[in-house]
Amino acid sequence: MNYTDKLDEAIARLHEEGRYRTFIDIERRNGQFPHAVWTRPDGTEQDITVWCGNDYLGMGQHPVVLEAMEEALHATGAGSGGTRNISGTTVYHKRLEAELADLHGKEAALLFTSAYIANDATLSTLPKLFPGLIIYSDALNHASMIEGVRRNGGAKRIFRHNDVTHLRELLEADDPAAPKLIAFESIYSMDGDFGPIEEICDLADEFGALTYIDEVHAVGLYGPRGAGVAERDRLMHRLDIINGTMAKAYGVMGGYIAASAKMCDAIRSYAPGFIFTTSLPPAIAAGAAASVAYLKRAPELREKHQAQAKALKLRLKGLGLPIIDHGSHIVPVMVGNPVHTKMLSDMLLEDHGIYAQPINFPTVPRGTERLRFTPSPVHGPSEMDALVRAMDGLWSHCALNRAEAAG
């Protein structure tokens, strides 16, 4: 086999389908979010505004976070020096886990290097702890959840997205004595819709199932203290395992689960994705702990974030653009074609200095390609005006081109 030819063929397929992904080299500027500098392929630089980042509240530049990280960096050095079991557990890791357990009203929390690893490692380990476990997984769960469920070697059932009737049918069809777990999300990040948390908890109670919720796109953003949609809806006590991240609203890096002390103890003792991974650098843990603690008492940031999202959706709807609006902070503009999505993204960047990465398959199903905007409290009126003007002109331009091509 000519391995190089096979690699060329694989990459060529992506180009032919219009979904080859290009990295945009940007330099975020502390104190100037959402502004950044884009280094073009020719080496020249251009000032841009980032409209697709997941640092939803701008905490990546907050003085409280930076000061905590600087202090820990100077106190401990750069890395953690090992896995959590071998010299990689510090006071900063324990402090962050305590903040997260308190945030979710759970006995304990367990840190991972990312929420992806937290999902994958936990969901793939649970059948070792509960032999015969059946996992019921929402059809639109994140890739990390899908991978964890796929790898665990146990039984799985996929229920139609947010369809509690279908979930009930699947639960009824299985052995009542079998251990069960329902895995779902609070906010699905591509459409911005909410999971039916209370209804799923009701089914879990009825059928004796554990509940596993991914709150990655909700922690820091919803609830009185930022614990997520489950806190907002007063349902945290009904959830057995909560997954979250420090890499989005908290502006740093890392993932976690929050659960009972015994659950966290068992996962840390059996999950290879935890046991054999170098722990987060202490400075990262310190910054994340500071961010979590700060946002517990900063509801005004969450309120401004929601107001920004509502304003952007209202203005884009006013232009007649096809917006998906489920009432969350996610602002998807549906394009439905990978080539057109990439073209819009390129023109926004090159002609208007606006960075919004195209979202294509496999992140979303084919035919649902989109631009996904993430307004934040640090996007001011001028930045929003510029985005709305650019989208108005470009959408009309692309519509005209599509009409001419069809004609």
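In the predicted model, Thr122, Thr125, Leu126, Lys128 and Leu129 of helix 4 make contact with Met263, Ala266, Ile267 and Tyr270 of helix 9. By residue class, this contact comprises six nonpolar, two polar and one charged residue.

The largest nonpolar core contains 60 residues, of which Leu96, Leu100, Ile182, Ile197 and Met246 touch the most other members. Helix 11 (residues 282-295) supplies the largest share of this core, with eight residues. When residues up to four places away in sequence are not counted, Ile197 touches Phe184, Ser186, Ile213, Val229, Ala230, Leu235 and Leu239.

Three strands form an open sheet in the order 13-16-15, with antiparallel pairing. Strand 16 (residues 370-373) pairs with strand 15 in the antiparallel sense over two bridges, and Pro358 is placed opposite Leu371 of strand 16. Helix 12 (residues 299-318) packs on the sheet through strand 13 and strand 16, and its direction makes about 20 degrees with that of strand 13. Helix 13 (residues 338-352) lies across strand 15 and strand 16, at about 45 degrees to strand 16.

Key
Residues are numbered from 1 along each chain as its sequence is written. This is a predicted model: local features need pLDDT of at least 70, side-chain atom pairs count only at pLDDT 80 or more; totals for chains, interfaces and linings use all residues. Side-chain values use heavy atoms; hydrogens and water are left out. Two strands pair if DSSP finds at least two bridges between them. Helices (H or I, at least four residues) and strands (E, at least two) are DSSP runs, numbered from the N terminus. Contact means heavy atoms within 4.5 Å. Axes are lines fitted to C-alpha atoms, for helices over the stretch in contact, and angles run from 0 to 180 degrees between N-to-C directions. A nonpolar core is a set of buried Ala, Val, Leu, Ile, Met, Phe, Trp, Tyr and Cys residues joined through side-chain atoms within 4.5 Å. Buried means under 20% relative accessible area, exposed over 50%, partly exposed in between (1.4 Å probe, protein chains only). Ala, Val, Leu, Ile, Met, Phe, Trp, Tyr, Cys and Pro count as nonpolar, Asp, Glu, Lys and Arg as charged, and the others, Gly among them, as polar.
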